[in-house]
Amino acid sequence: MAQPKFTTHLGMTDILPDETPQWRRLEKIIHKTAREFNFEEIRTPILEQTELIARGIGELTDIVTKEMFAFERGDDHYVLRPECTAPVVRAFVQHHLEQRGGTQNLYYLGPMFRAERPQKGRQRQFHQFGAEIIGADDPAADVDMIALMMTIYERVGITNTQLKINSVGDPESRKAYKKALLDFFRPNLEKLSDISQKRFENNPLRILDSKEEEDQPFIENAPLITDYLNEETASHYARVKKHLDDLGIPYEEDPHLVRGLDYYTRTAFELISPDLGAQDALGGGGRYDLLVEEVGGQPTPAVGFAAGIERLFIACKELDINLSEPKSVDIYLVTIGDNARSWALKHLSQLRRNSISATMDYIGRSVKAQMKDADRENARYSIIVGDNELNEGKFTLRNMKKSEEQSLTFEAIVDKLAG
Ligand code: HAM
């Protein structure tokens with residue numbers, strides 16, 4: 001086949017008609033589960049102010065320094081959102097959602113954009129579903145958030161997952177820990193990778209996230225954040241674990257789990273799948289108790305998660321889980337001649353008004369070719385409409401699967417199929 005003149009950008013994919021049914025099925029599961037957990041949907045613009053994202057996620061993170069699709073127009077600085085937590089918090093502050101009372105339990109679905117190097121499970125436009133509880137400090141909120149995330153995977157049929165948790169501390173614990181880390185890495189600074197040497201200056205916690213081989217022996221022996229938690233933060237973390245135990249949600253503590261976004265405080269978690277390869281995080285999240293204030297609101301604790309939809313489908317494929325239903329149509333009107341075609345067009349709408357999905361030939365195919373097309377469309381029934389049928393007012397309704405036929409008026413066909 002000839003090379004097409006235009007193609008999608010690197011790392012951006014079309015979701016084709018053979019794939020949309022599984023997306024819709026997943027979206028249905030997400031909406032239903034979120035409803036049962038009493039979450040409300042929020043939709044924010046794809047474009048946000050660059051400063052919101054830079055301040056929200058952290059000026060020194062990989063996302064902000066290397067991966068933003070950003071541009072200017074006049075005095076305005078736009079960025080394609082790389083994630084949705086900062087936008088949701090912005091919406092919470094902008095619209096004073098706290099005035100609705102209680103906690104704001106919000107969820108979302110949609111495309112996110114990061115200019116990363118594309119590989120399996122890593123795209124430049126990808127989709128997330130996620131949820132945030134804004135206004136709750138209690139560990140019960142952290143755990144309900146994890147439960148929502150895991151319930152969605154369970155309902156999809158992905159159960160072979162591993163939940164990793166950690167506490168990344170509050171600012172006080174983190175200050176003490178940062179000092180311990182600096183003291184630990186300083187004597188071996190020149191043995192660390194370039195990227196870790198940079199992080200040493202800016203954000204030593206992120207050294208723990210390094211995948212560079214030369215860093216690993218040092219990371220293995222580095223002090224652990226969990227040894228530096230103050231009493232309040234340690235107690236919060238202990239209660240998160242207790243609730244997870246009570247709910248029977250298995251987890252593994254990973255004291256090296258530091259997430260790639262700077263807003264996290266206290267609880268951090270990630271859901272890993274062995275079916276994903278190198279990019280093995282299905283989803284992740286945690287607490288971000290300082291973000292609402294950072295974005296200009298009143299101090300408000302919050303916790304949330306987001307999960308990658310493309311990665312979920314990669315796991316489905318590995319596990320032979322098929323969420324899509326084969327396409328089908330209730331009835332195909334096979335027409336012979338112009339009279340029949342105008343009649344069919346008119347009567348299609350009557351069928352559809354009765355919630356019967358219906359289609360016809362638009363390109364003047366022979367009867368044989370139309371029957372073949374009805375098969376390809378996976379039609380449950382077909383009728384042949386010609387001058388004889390129109391004169392008699394009776395049509396042969398063919399059950400395509402069973403190859404059974406019945407002679408009926410059009411009204412009787414509508415009654416049968418609608419019933
Ligand atoms: P995140 O870990 O950056 O967290 O992204 C969450 C999930 O999005 C990842 O686990 C992964 O499944 C998917 N993902 C991220 N980048 C890509 C990519 N380039 N291609 C494909 N999938 C990707 C957040 O975004 C936070 N907003 C989560 C959160 C919500 N924290 C608190 N509330």
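The legends below describe close-up views of a predicted model.

View 1. Eight strands form an open sheet with mixed pairing, in the order β1-β5-β6-β11-β10-β9-β7-β8. Because β1 (40-41) and β8 (252-253) each have a single partner strand, they stand at the edges of the sheet, and one side of each is left without a neighbour there.

View 2. Strand β7 (residues 162-167) pairs with β8 in the parallel sense, over 2 bridges, and Lys-164 has Glu-252 of β8 as its bridge partner. Helix α9 (residues 231-247) packs on the sheet, where it touches β7, β8, β9 (265-272) and β10 (281-287), and its direction makes about 160 degrees with that of β7.

**View 3. A helix across the sheet.** Helix α11 (residues 309-318) lies across β5 (104-113), β6 (125-134), β10 and β11 (302-308), and runs at about 110 degrees to β6.

**View 4. The shell around the ligand.** The ligand is surrounded by 27 residues, of which Glu-83, Glu-116, Glu-132, Arg-259 and Tyr-264 are the closest. By class, this shell has 10 nonpolar, 10 polar and 7 charged residues. Strands β6, β10 and β11 each supply at least two residues of the shell, and the largest share, 6 residues, comes from β10.

View 5. At Leu-282, a backbone N or O atom lies 2.8 Å from an oxygen atom of the ligand. Of the 660 Å² of accessible area that the ligand has on its own, the protein covers 95%.

How values were computed: Residues numbered from 1 in each chain as written. Predicted model: local features only at pLDDT ≥ 70, side-chain atom pairs only at ≥ 80, totals over all residues. Heavy atoms only, no water. Pairing = 2+ DSSP bridges. Helix = DSSP H or I, 4+ residues; strand = E, 2+ residues; numbered from the N terminus. Contact = heavy atoms within 4.5 Å. Axes fitted to C-alpha atoms, helices over the stretch in contact; angles between N-to-C directions. Near = heavy atom within 4 Å. Polar contact = N/O pair within 3.5 Å; in protein donor to acceptor, adjacent residues only side chain to side chain. Areas by Shrake-Rupley, 256 points an atom, 1.4 Å probe, with all protein chains shown as cover. Nonpolar A, V, L, I, M, F, W, Y, C, P; charged D, E, K, R; others polar.
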